[in-house]
Amino acid sequence: SNVTQRIIGSYYTKQALEILSPGYCFAAKFYLNNLLEATGLDLRSAQLLAVTYDYCGGEPPEKTTALMDRILDFEPNHALALVVKADSAYQQGNNDAAYHLYLHAKQVNPKEPRAYLGMAKIDAASNRRAKAIERIRQVLAFDSDNGAAKEMLYTLEKPQPPLDDDITGRS
């Protein structure tokens with residue numbers, strides 16, 4: 001019955017949250033997967049699952065992508081699930097898919113720093129340094145203490161050594 005599902009769901013949620021720490025990620029994922037099997041996917045369990053997989057990491061990108069797809073099937077505008085899926089696509093070398101997922105996450109939540117930083121990584125790798133720097137500055141405009149943004153900005157603004165001429169060895 002619905003009441004039984006809610007009791008089971010509460011139990012698994014409580015267990016997962018109590019043990020959610022770096023050494024116990026496997027157990028937290030176990031409880032959340034049981035939660036999904038027992039109660040199906042609702043918004044609360046989708047959020048818990050996305051946060052857990054984001055916090056714990058360590059899953060093969062394909063598995064993370066499949067789980068985020070489940071969340072996005074239920075809630076297509078779940079910003080954290082979009083970012084986690086984008087990170088997985090980026091890890092797999094699928095920059096086009098990652099970029100579009102980061103963009104979607106940014107549209108859903110205009111103050112989602114990881115969406116901007118993900119797009120900045122892709123911009124920087126594609127020799128669009130100015131665009132990458134612009135995105136990082138956008139993050140710092142609404143999150144001035146963001147360490148990842150500061151580090152990335154420092155790296156991109158650092159003077160680049162001139163390229164050597166392959167033939168003469170001169171700059």
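Is Arg137 buried, partly exposed or exposed? With a relative accessible area of 46%, Arg137 is partly exposed, where buried means under 20% relative accessible area, exposed over 50% and partly exposed in between, computed with a 1.4 Å probe on protein chains only. This is a predicted model, in which local features need pLDDT of at least 70 and side-chain atom pairs count only at pLDDT 80 or more, while totals for chains, interfaces and linings use all residues. Residues are numbered from 1 along each chain as its sequence is written, and side-chain values use heavy atoms, with hydrogens and water left out.

**Confidence**
- The chain has a mean pLDDT (the predictor's confidence in each residue, from 0 to 100) of 77, and 59% of its residues reach 70 or more.
- Where pLDDT is low, the predicted coordinates should not be read in detail.

- The buried residues of α7, among them Tyr116, Leu117 and Ile122, pack against α5 (79-91), α6 (95-108), α8 and α9 (147-157).
- Asn127 lies in the loop between α7 (113-125) and α8 (129-142); Asn127 is exposed, with a relative accessible area of 71%, and has a positive phi near 60° although the residue is not glycine.

**Salt bridges**
- The count comes to six salt bridges, each being a side-chain nitrogen of Lys or Arg within 4 Å of a carboxyl oxygen of Asp or Glu.
- Asp87 pairs with Arg114, the closest N and O atoms being 2.6 Å apart, and this pair links helix α5 to helix α7 across 27 residues.
- Arg135 forms a salt bridge with Asp123, with closest N and O atoms 2.6 Å apart; Arg135 lies in helix α8 and Asp123 in helix α7, so the pair ties together parts that are 12 residues apart in sequence, and both residues are buried.
- Arg137 forms a salt bridge with Glu157, the closest N and O atoms being 2.1 Å apart, and Glu157 is partly exposed at 38% relative accessibility.
- Salt bridges that share partners join Asp123, Arg128 and Arg135 into one network.

Technical notes. Helix = DSSP H or I, 4+ residues; strand = E, 2+ residues; numbered from the N terminus. Contact = heavy atoms within 4.5 Å.
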